[in-house]
Amino acid sequence: MTALAPDPQRTARPTPPPKWPKTLGFVIGALVIVVCVWLLDAEWARLLGLPEALITYAGLLSQGLFLPPLELPQREWWQISIEFMLDSVYIAWMGTLIGAALSLPLGFLAARNVAPAWIVGITRTVLNVIRAIPEFIIAIVFLLPLYGFEPTAGAIALGIGSVGTLGKLTSEAIEGLRAGPVEALRATGATHLSVLRWGMLPQVLPEVIAFWLYRFEINIRAGAILGALGLGGIGFLLDQLFNGREWARLGIALVVTVIITIVVDQISAAVRHRIIGGENLRGGVYL
């Protein structure tokens with residue numbers, strides 16, 4: 001019994017793809033980076049003095065961190081910095097609640113599988129306009145004439161700014177949900193509101209809550225910028241200390257800012273992980 005001769009078409013090794021496209025892409029990318037750096041027109045010689053400047057600023061800021069702990073002025077400034085930072089957390093939290101309350105219905109109106117096309121278009125246009133306007137512009141133009149230099153203006157500005165991002169993310173989550181529960185409810189003759197309440201909302205709620213918590217972390221940082229405008233919080237304190245060249249007290253405020261921000265981020269991350277993990281264990285249904 002004779003063996004069959006191997007088919008040369010099957011045994012031939014495939015031709016490797018050419019390498020010149022990757023090389024050309026790398027060269028073009030390098031040229032783009034070089035051109036962008038050249039267009040910046042920066043004084044690159046000043047980079048040589050950057051290490052010395054960092055050491056100088058670090059020394060000035062550390063003056064308020066290693067003084068005797070029993071001295072009353074330093075202890076008072078630690079307490080003052082913590083109080084201002086907690087005000088920033090409170091402003092960010094209120095702004096997040098405002099953004100969450102407004103973005104949830106807007107997210108449903110911006111979802112293609114929920115609302116008619118003309119409503120989706122109008123809602124998405126509104127969300128795009130909100131995202132295009134920075135929070136400090138909202139505060140200066142629209143809220144300062146109404147509330148003055150008060151933390152309320154900062155909280156509302158953060159809330160309005162959060163609506164654009166949270167509404168967009170909510171609509172995308174709604175459009176990507178599983179169609180099975182929704183179709184099952186519609187097959188039973190459920191009303192449109194019942195389908196939204198029992199078929200869509202339980203699926204997207206864990207992810208939406210995670211969006212809210214992540215936006216809360218962003219609002220803490222954005223609130224520092226609004227505080228520099230005089231709207232309260234740690235940003236106001238940092239701005240006053242920096243303008244007065246109070247390096248020792250500024251160092252205390254920066255350390256408090258970093259520590260509390262890290263703590264809030266870790267707590268928020270743990271809650272998000274618990275929510276998403278619970279949602280996965282329940283098979284996509286949040287109870």
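Colleague: What do the side chains of R221 and D265 meet in?

Modeller: A salt bridge, 2.6 Å from N to O. The term stands for a side-chain nitrogen of Lys or Arg within 4 Å of a carboxyl oxygen of Asp or Glu. R221 lies in helix α9 and D265 in helix α11, so the pair ties together parts that are 44 residues apart in sequence. Helices here are DSSP runs (H or I, at least four residues), numbered from the N terminus.

Colleague: What sort of model is this, and what are the limits?

Modeller: This is a predicted model; local features need pLDDT of at least 70 and side-chain atom pairs count only at pLDDT 80 or more, while totals for chains, interfaces and linings use all residues. Residues are numbered from 1 along each chain as its sequence is written, and side-chain values use heavy atoms, with hydrogens and water left out.

Colleague: Back to D265: buried or exposed?

Modeller: D265 is buried, at 16% relative accessible area. R221 is partly exposed, at 42%. Buried means under 20%, exposed over 50%, and partly exposed in between, with a 1.4 Å probe and protein chains only.

Colleague: Which residue does R272 form a salt bridge with?

Modeller: E217, with the closest N and O atoms 2.5 Å apart. That pair also links distant parts of the chain: R272 is in helix α11 (residues 247–281) and E217 in helix α9, 55 residues apart. E217 is buried, with a relative accessible area of 7%.

Colleague: How many salt bridges does a search of the whole structure find?

Modeller: The search finds 6. One of them joins E175 to R112, the closest N and O atoms being 3.6 Å apart. E175 sits in helix α7 and R112 in the loop between α4 (72–109) and α5 (117–132), 63 residues apart. R112 is exposed, at 57%, and E175 is partly exposed, at 28%.

Colleague: Where does α7 bend?

Modeller: At V163, by about 30 degrees. The bend is the angle between axes fitted to the seven residues ending at a residue and the seven starting there.

Colleague: New topic. Which residues form a nonpolar patch on the surface?

Modeller: F136, I137, I140, V141, F142, I225 and L229, with about 590 Å² of accessible area together. The elements giving two or more residues are α6 (135–147) and α9 (192–231). Patch members have over 30% relative accessible area and no salt bridge, and nonpolar side chains (Val, Leu, Ile, Met, Phe, Trp, Tyr) are joined within 5 Å. Areas come from the Shrake-Rupley method with a 1.4 Å probe.

Colleague: Which helix gives the most?

Modeller: α6, with 5 residues.

Methods
Patches are made of residues with over 30% relative accessible area and no salt bridge: like charges are joined within 9 Å, nonpolar side chains (Val, Leu, Ile, Met, Phe, Trp, Tyr) within 5 Å.
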